[in-house]
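Subject: A structure for you to look at

Hello,

Here is the structure I promised to pass on to you. Have a look at it first, and then read my notes below.

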Amino acid sequence: MKDKIFTKPIDKQFEFDSSVASVFDDMIGRSVPFYDVSLGLIADILSKLLPSNAKLIDLGCSTATSLISIYNLRDDLRLFGVDNSEAMIQLASQKSKAYGAGIDLKVCDILEYELDNFDAVLLNYTLQFIRPIKRETLVKNIYNGLNDNGFFIFSEKIIYEDKKFAKQMIEIYEQYKENQGYSRYEISQKREALENVLIPYTEEENKTLVLKAGFKRVESIFKWGNFMSFIAFK
């Protein structure tokens with residue numbers, strides 16, 4: 001279904017409710033540059049690095065697009081998905097069944113989910129929606145929930161420290177969204193709805209966050225403008 005959420009005046013802050021879930025795949029595909037390419041790269045990396053029958057979880061799995069991509073490459077993996085939106089998990093369940101993917105899906109707040117003995121944790125464009133005061137605890141929980149030599153892959157919208165350059169990058173990104181078919185009105189409405197809901201960090205702040213949690217090193221694996229993917233090694 002095509003995303004038309006912001007064609008009308010907004011009356012609340014952005015949330016992942018049933019209306020967003022119903023258009024989420026179209027929304028994120030048109031809003032995050034090279035989303036399919038970055039997900040494909042992440043699936044390839046996981047396919048190469050994970051041992052047989054490894055245990056992987058996607059926190060904030062939305063409609064399970066990432067997990068299904070990974071399943072299509074490695075059907076031996078034990079896959080888990082968690083999201084606090086029941087509507088997202090319902091769609092994820094429908095999609096995973098359609099692909100014949102055995103994915104353990106659960107409705108749960110990722111801040112409350114108990115991570116244990118995972119070989120990899122995936123967190124795509126989710127950390128940015130966690131209140132900054134709680135991010136350090138979440139990343140530490142991820143570190144503690146990983147097996148030795150496990151790894152953490154996450155993607156985030158980032159900000160730049162130089163204010164003039166940051167403004168120019170935002171203008172480039174908004175032009176990108178116009179090219180994807182969003183009107184200036186829709187772009188403005190979504191920006192307003194996301195204010196104080198999506199709070200991005202700089203590239204260095206994201207790297208510092210995971211290193212502070214105990215990870216040995218963190219590498220950048222994808223970047224386009226304000227969007228980045230990272231891998232951190234335990």
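How many aromatic pairs does the structure hold? It holds 12, where rings of Phe, Tyr and Trp (its six-membered ring) pair if their centres lie within 6.5 Å.

Before the details, a word on the source. This is a predicted model, in which local features need pLDDT of at least 70 and side-chain atom pairs count only at pLDDT 80 or more, while totals for chains, interfaces and linings use all residues. Residues are numbered from 1 along each chain as its sequence is written, and side-chain values use heavy atoms, with hydrogens and water left out.

**Aromatic rings**

One of the pairs joins phenylalanine 154 and phenylalanine 230. Their ring centres are 4.7 Å apart and their planes lie at 15°, so the pair is stacked (planes under 30 degrees apart count as stacked, over 60 as edge-to-face and the rest as tilted). The pair links distant parts of the chain, with phenylalanine 154 in strand 5 (residues 146-159) and phenylalanine 230 in strand 8 (residues 227-233), 76 residues apart. Both phenylalanine 154 and phenylalanine 230 are buried, meaning under 20% relative accessible area, with exposed over 50% and partly exposed in between (1.4 Å probe, protein chains only). There is also an aromatic cluster formed by Tyr35, Tyr125, Tyr173, Tyr176, Trp224 and Phe227.

**The chain as a whole**

The chain has eight helices and eight strands; these are DSSP runs numbered from the N terminus (helices are H or I, at least four residues; strands are E, at least two). Of its 234 residues, 52% count as buried. Among contacts (heavy atoms within 4.5 Å) between residues at least 6 apart in sequence, 71% join residues at least 24 apart.

Serine 38 sits in helix 2 and counts as buried because its relative accessibility is 1%. Leaving aside neighbours within four places in sequence, serine 38 is in contact with Phe222 and Ser229. Isoleucine 45 also belongs to helix 2, and its relative accessible area of 18% makes it buried. Not counting residues up to four places away, isoleucine 45 touches Ile153, Ile221 and Ile231. Along the chain, isoleucine 45 and isoleucine 221 are 176 residues apart, yet 9.5 Å separates their C-alpha atoms.

How do helix 2 (residues 35-49) and helix 3 (residues 65-73) meet, and at what angle do they cross? Their axes come within 9 Å and cross at roughly 45° (axes are lines fitted to C-alpha atoms, for helices over the stretch in contact, and angles run from 0 to 180 degrees between N-to-C directions). The two helices are therefore oblique to each other: angles under 35 degrees count as roughly parallel, over 145 as roughly antiparallel, 65 to 115 as roughly perpendicular and the rest as oblique. Helix 2 contributes Leu39, Ala43, Asp44, Leu46 and Ser47 to the contact, and helix 3 contributes Thr65, Ser66, Ser69, Ile70 and Leu73.

Helix 3 has Ser66, Leu67, Ile68, Ile70 and Tyr71 as its buried residues. They pack against helix 2, strand 1 (55-59), strand 2 (78-83), helix 4 (86-98), strand 3 (103-107) and strand 4 (118-124).

**Helix 5 and helix 8**

The axes of helix 5 (residues 132-145) and helix 8 (residues 203-213) come within 8 Å and cross at roughly 50°. Here Arg135, Glu136, Val139, Lys140 and Tyr143 of helix 5 meet Leu209, Val210, Lys212 and Ala213 of helix 8.

Enjoy exploring it!
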